[in-house]
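User: I am new to this structure and would like to learn how to read it step by step. Could you take me through it?

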There are 2 protein chains.
Amino acid sequence: MSVTAAQGFEAAGVAVGLKSTGAKDVAVVVNRGPRKVGAAVFTTNRAKANPILWSQQVIGDGVVEAIVLNSGGANCFTGPFGFQTTHQTAEKTAELLGVSAGDVLVCSTGLIGTGDEVFRGKVLDGVEKGVAALSADGGEAASLAIMTTDSRPKRAVVTRDGWTIGGMAKGAGMLAPGLATMLVVITTDADLDAAGADAALRQATRVSFDRLDSDGCMSTNDQVTLLVSGASGIRPDGDAFAAALTELCLDLAAQLQGDAEGASHDITIEVIGAASEDDAVTVGRSVARNNLFKAAIFGNDPNWGRVLAAIGTTEAAFDPYDVDVSFNGVRVCTAGGPDRPRDEVDLAPRATHILIDLRVGDAAATILTNDLTHDYVHENSAYSS
Amino acid sequence: MSVTAAQGFEAAGVAVGLKSTGAKDVAVVVNRGPRKVGAAVFTTNRAKANPILWSQQVIGDGVVEAIVLNSGGANCFTGPFGFQTTHQTAEKTAELLGVSAGDVLVCSTGLIGTGDEVFRGKVLDGVEKGVAALSADGGEAASLAIMTTDSRPKRAVVTRDGWTIGGMAKGAGMLAPGLATMLVVITTDADLDAAGADAALRQATRVSFDRLDSDGCMSTNDQVTLLVSGASGIRPDGDAFAAALTELCLDLAAQLQGDAEGASHDITIEVIGAASEDDAVTVGRSVARNNLFKAAIFGNDPNWGRVLAAIGTTEAAFDPYDVDVSFNGVRVCTAGGPDRPRDEVDLAPRATHILIDLRVGDAAATILTNDLTHDYVHENSAYSS
């Protein structure tokens, strides 16, 4: 059900030829509830696509009526013409829905530099067909329409006493913090004001999507959006809502990790004993971005030397000669030297757990990443994206 | 001739079984000149190998009599036993040469965690055999002994009026700034004092080895050493010497780039129009470390969108919508949009030139890197290193 699991939302996914395969490529999600609250976080890349530039303006007042998303073209670095395309997309949607264009978010994903007149025509066609197809059961179709190199749609639902959060996500590569090549739309019928929605979204993304770092590359088009209909009539406790939203975001983030381009291992890097959470994140990320470590995992090699070489490049507080490193539960390095034999480690399973104990404090953080494989190189070299 | 091209040096390369292939694996270089000056730069990785920890102490007074280098084991994270191995290596060399152990540098390269009693025995054997084999023609043998995954030795000589600089290098992966998996020994018969040698070496490495970034990974064992014999009796102008040394270092850096593990393209990223040299370096490095860009080059795809997505992650001064990007002389992106058609770009040659004009100032810098290939993944996953 994804974005239509919560009450007060309609959605659609339609095909207008942006994808050469003929698959669905435009999604529309509309808030029909008593509340019209929206919150969003955006890529921190300075090279932002036109839909990001537009959506950052729309979100300013916390009011969102609808969101339109297309795959098959990023509309990034397409100049003033591209920005007008985004603007027209919002205007056409608003006109058909009888709302203000300034309350319509737009997301695009696909090849950077794609956004000509043909693209514009198809997107506007998609808006028309999408609005006509809106239904309270449209969540599944919408989740299919935002897929690019994804091998499967990503959907999640969390239900609490009387209220629901549902979401859809797309993303299969270029997954990096400050967001990634991910588009996520989350809806809820809980009753939240704009400030509450924004705070909960930031709290949840900080420990979920922002800690997913598939290949260290940050996209130009990423956006995570939360739409609030209030249709349940229930106003949950702020912490309870944030916890439920975090659970949903972690579920979607794990689905993104599990479908990362060409990956053969889903790697959980758990850093404990850090002086601060920031240190733990920094250390985890340095490992997640180390190509030699990632290639070693592909080769089922518990190469702890590459872990230490990676964390040694950071300025986090620790003594490189007093760090413990475990691979899938086997401590292979302690106190700056070898511990258990490497051949005790079984790296055959897709799920891989690296535990790094910095032994200086009580803070911890977990980073999700993938291995570096032949298929990753193939998928990112054999065609343009 | 490499390290024996300059007068006043003897060298040797011998095989003692550290490499399973039976190839040479221990090199010794001795300064026989009137000057005994040494300067060195080390990896900035906090996870430093034992020979780095030792050599950093030795270099303090600027006096160096000899340097011993082994391949086949990094002696990194091998605990106090490993440090004693390094210490004994220097002591044995000193004893045989009749000098002080505190004037003997040691370098090791190979697998992290390797450094047991067998390793120690072989290295000490190598010192004995190496010192016995020292000769004024030993530069070539020494350059072979330091090779690991290198497919060929790296040697360079620069001659000026009456004085010479020669060098050898090893390194084929993990090439990253703040040094890389590179060991470099440079010798000169020019007459320099310790301060002059240190200043020239830092000036030269800053724009050569420090701008070579093959895969973004920084090693634990890297060291670039300059030994000064003064045997020519000529004291060159400081700038002239630094220029000649830079020429030699750039030559060796290009050889390292050209032999990077699995690479099919040598990529020169030239950043111009920057507000500062630091900005230019930051921007160039962000592209050099972007896996999606590197995979695109492997696929002969002039994917300028990935260049902009990479530089957009930096805080350098520029407007992402006013940047020009050229691939091999064809400007494919200007002013935040497409320029010449992608199919005008020929990426078939190994030598690849990316020109990024930030259009905000006059500073420039060039970063050398390689593409991300199937062979890179294979070489770094199929065996431990």
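User: How many bridges join β4(B) to strand β5 (residues 104-108) of chain B, and do these strands run parallel or antiparallel?

Analyst: A word on the source comes before the case: this is a predicted model, in which local features need pLDDT of at least 70 and side-chain atom pairs count only at pLDDT 80 or more, while totals for chains, interfaces and linings use all residues. Residues are numbered from 1 along each chain as its sequence is written, and chains are lettered from A and ligands numbered from 1 in the order in which they are written. Strands (E, at least two residues) and helices (H or I, at least four) are DSSP runs numbered from the N terminus, and two strands pair if DSSP finds at least two bridges between them. Here 5 bridges join β4(B) to β5(B), and the two run parallel, with Ala66(B) standing opposite Val104(B).

User: Which strand of chain B is joined to β4(B) by bridges and runs antiparallel to it?

Analyst: That is strand β2 (residues 26-31) of chain B, joined to β4(B) by 5 bridges, and there Val28(B) has Val68(B) as its bridge partner.

User: What rotation superposes chain A on chain B?

Analyst: Two copies of a chain are related by a rotation about an axis and a shift along it. Copies are superposed by least squares on the C-alpha atoms of residues with pLDDT of at least 70 in both, and in this model a rotation of 180 degrees with 0.0 Å of shift along its axis does so, with an RMSD of 0.0 Å. That is the relation of a two-fold axis. Among the residues of chain A, His374(A) comes closest to the rotation axis, its C-alpha lying at 2.7 Å.

User: How many helices and strands does chain A have?

Analyst: Chain A has 10 helices and 15 strands, and buried residues make up 64% of its 385 residues.

How values were computed: A residue is buried if 20 or more other C-beta atoms lie within 10 Å of its own, exposed if 12 or fewer, and partly exposed in between; C-beta atoms are placed from the backbone.
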